[in-house]
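Let's take a walk through this model together, one piece at a time.

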Amino acid sequence: MSGTVELADLKHSTDVQKVKERIRQVQRSLVEMTSSMGVHIGSSLSCLEIIATLYFLKMRHAPHRPQWRERDKFILSKGHAAPVLYAVLAEAGYFPKEELRTLKRINSRLQGHPDLRTPGVDAPSGSLGQGISIGIGMAMAAKMRGSRSRVYVLVGDGECDEGQVWESLMTAAHLRLDNLVLIIDRNGWQLDDRTEEVKRKVPLRSKLESFGWETYSINGHDVEKIVEVLDAAERAEQPVAIIAHTKKGKGISFLEDSNKGHKLKLSEDEYLAAIKELEMRAKCA
Amino acid sequence: MRVAFGEGLLELGSENEDLVVLTADVARPTHVIGFGERFPHRFLDVGIAEQDMVDIAAGLALSEKVPVAVAFAPFMMRAWEQVRSTIARCSLNVKLVGTHAGLSASDEGASHQSLEDVALMRVLPNMTVVVPGDREEVKEATRAIVESKGPAYMRIGRDEDANFLHEGFRLGRATVLRDGCDVAVFSNGYITSEVLAAAEGAPVDAMVVHVPTVKPLDSDTVISAVRRTGAAVCVEEHSIIGGLGSAVSELVSTEYPVHIRRMGVSDTFGESGTYRELLDKHRLSAPHIREAMVEAAKRRGKR
């Protein structure tokens, strides 16, 4: 019995190692994209590990069959982090990585904010506050079909200013949608300033709990922890909210925990410094 | 109208297992309660949360369901940005129904009257906009939007109950209800029955064209009517800005310019009163329409 558990653990740790390798690829893709176009790189980097872990480890999906009905679905409600979603989708095999160079260019399938024309994008976004509602619709449809498809929604902490977020939190809890998982990218920044300066969000956890969500709080850059909490979410009997504590600009020190990279095109020097830092970190990993 | 809509939904519900009805704490007044009782697993009352409702409908459509989201027309507009950014932008198969539209919420006053919804929905790419006016037509239009692909908005009134059509509704088609050669009158919703009353015994020979689909507009029928008559009146229970009158004017001004008189609520809000009093006050009842027909016919051919 214990032998089986060890084997499972081994497989798990190998999987996690693979995810981490792919995360480095995605970081690299993001930096490449940011060298030629103004990109919301800070808020892309803050949720990179979350999206990568979902697509590379947790979700049941088929890049060669993007419309597979039984797939798990992902909604990037904070649509401005589209570049990281595209980088992950390309890494997963939904479309060629070379296409990432067309981001935001005329006639590209990679729009500034998520759009259904991109293979692998499950829901449009860009206007904040709508993703949980869309996720409720998808989770309801899965239940009506008797499908075990699960729905993951990623929102920003600043996005929680939107009233619709709280409308939908009430609805999902009322419906006891145990196939819906909400992840809040708690990077502490929104466009104008730190989130607590613009409009106080704390105590976020007790707000979510009082709305009827089973709530967890994790380090959103720790792949092992992300996997652990997503596993726990599958055993819940109500919707699950995960507050993922993150850093805006994570992984590139001159962007970390600041609003410098809210929307940014890297200069040549910044690009080289970012690549160098990623390579250094890869060596140490 | 609401009753016919509720009946129509019930019929469709038993035929189409993918049909899901959503509402925002107005299940009773919109008459979708019948659907909810019959198909409780395909019905959701989200409470007083129109924005949530509209995006839940979007999520259902993204999962191959056919959602019909129903609210009072003025409050559906609260979710207009959700309709724009999510539903219309991606041409999602969501059906939106606004009830109590136009002046029909009468005694409730301006907050509950919706005189802008056709303009707001018509401006959205991919959106079909339907304003049926006859009891059977409401049922048929409900079926037509449910059976068509893509987003659609249907507006219906509260209590008025008209029965003036002899042939069925077809999406995108206008119907000539009365032939005439002096002036063409385009209208939709309940108001068409006022137009018909105005045309009878009028000193001019009016062609009455019922235009229940505002978008896509039946341009062939509209243009052939103005070609024949040389002048037009548009009448609707909506602001004179952006509705049917605007749609007809936009088309006619480029294809076959003739004098057009637009009748509607003249860039003002409504107020409390009975439905009849409001129609009279805003010059949308038969005598006022008849007057406008005569005036328009005088300007026939003068461009």
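Start in chain B of this predicted model, where 5 strands form an open sheet in the order E7-E9-E8-E11-E12, with mixed pairing. Look at the two ends of that order: E7 and strand E12 (259-265) of chain B are the edge strands, each with a single partner, so one side of each has no neighbour in the sheet. As you go from one strand to the next, the twist averages 25°.

Now zoom in on one pair from this sheet. E8(B) and E11(B) run parallel and are joined by 4 bridges. You can find one spot to look at by picking Val185(B), which stands opposite Val233(B) in E11(B). A helix packs on this sheet too: H10 of chain B, residues 244-255, touches E8, E11 and E12 of chain B. The direction of H10(B) makes about 145° with that of E11(B). As background, strands of a sheet pair through backbone hydrogen bonds, either parallel or antiparallel.

Next, follow another helix of chain B, H8, which covers residues 191-199. How many of its 9 residues are buried? The count is 8, so to speak a mostly covered helix. The buried ones are Ile191(B), Thr192(B), Ser193(B), Glu194(B), Val195(B), Leu196(B), Ala198(B) and Ala199(B). What do the buried residues of H8(B) pack against? Their partners in chain B are strands E7 (175-178), E8 (183-187), E9 (206-210) and E11 (231-239), along with helix H12 (286-298). Just past the end of H8(B) sits Gly201(B), with a positive phi of about 75°.

Chain B has another set of paired strands to look at. Strand E3 of chain B, residues 66-72, has 7 of its 7 residues buried, so the rest of the structure largely encloses it. E3(B) pairs with strand E1 (residues 19-23) of chain B through 5 bridges, and the two run parallel. In that pairing, Leu22(B) has Ala69(B) in E3(B) as its bridge partner. E3(B) also pairs with E4(B), again in the parallel sense and over 5 bridges. Here Val68(B) has Lys95(B) in E4(B) as its bridge partner.

Ser91(B) isn't a glycine, yet its phi is positive, at about 50°. You'll find Ser91(B) in the loop between helix H5 (80-88) and strand E4 (95-99) of chain B. His100(B) is another residue other than glycine with a positive phi, near 60°. His100(B) lies in the loop between E4 and helix H6 (117-122) of chain B. Is each of these two residues buried or partly exposed? Ser91(B) is partly exposed, with 15 other C-beta atoms within 10 Å. His100(B), with 27 C-beta neighbours inside 10 Å, counts as buried.

In chain B, one joins Lys215(B) and Pro216(B), with omega about 0°. Pro216(B) is in the loop between strand E10 (213-215) and helix H9 (219-229) of chain B. In chain A, the bond from Val202(A) to Pro203(A) is cis, with omega near 0°. Pro203(A) is in the loop between helix H7 (195-198) and helix H8 (204-210) of chain A.

That brings us to chain A as a whole. Its secondary structure comes to 10 helices and 5 strands. The radius of gyration of chain A is 18 Å, close to the 19 Å that the globule rule gives for 285 residues, so chain A is as compact as a globular protein of that length. Along the principal axes, the C-alpha atoms of chain A fill a box of roughly 50 × 50 × 35 Å. Buried residues make up 48% of the 285 residues in chain A. Among the contacts in chain A with a separation of 6 or more, 75% are between residues 24 or more positions apart.

Finally, see where the two chains meet. The contact takes 21 residues from chain A and 21 residues from chain B. On the chain A side, the elements giving two or more residues are helix H5 (131-145) and helix H6 (163-174) of chain A. H5(A) gives the most, with 10 residues. The chain A side of the contact divides into 10 nonpolar, 9 polar and 2 charged residues.

Conventions: Residues are numbered from 1 along each chain as its sequence is written. Chains are lettered from A and ligands numbered from 1 in the order in which they are written. This is a predicted model: local features need pLDDT of at least 70, side-chain atom pairs count only at pLDDT 80 or more; totals for chains, interfaces and linings use all residues. Two residues are in contact if their C-beta atoms, placed from the backbone, lie within 7 Å. Ala, Val, Leu, Ile, Met, Phe, Trp, Tyr, Cys and Pro count as nonpolar, Asp, Glu, Lys and Arg as charged, and the others, Gly among them, as polar. The radius of gyration is taken over C-alpha atoms; the globule rule is 2.2 Å times the number of residues to the power 0.38. A residue is buried if 20 or more other C-beta atoms lie within 10 Å of its own, exposed if 12 or fewer, and partly exposed in between; C-beta atoms are placed from the backbone. Two strands pair if DSSP finds at least two bridges between them. Axes are lines fitted to C-alpha atoms, for helices over the stretch in contact, and angles run from 0 to 180 degrees between N-to-C directions.
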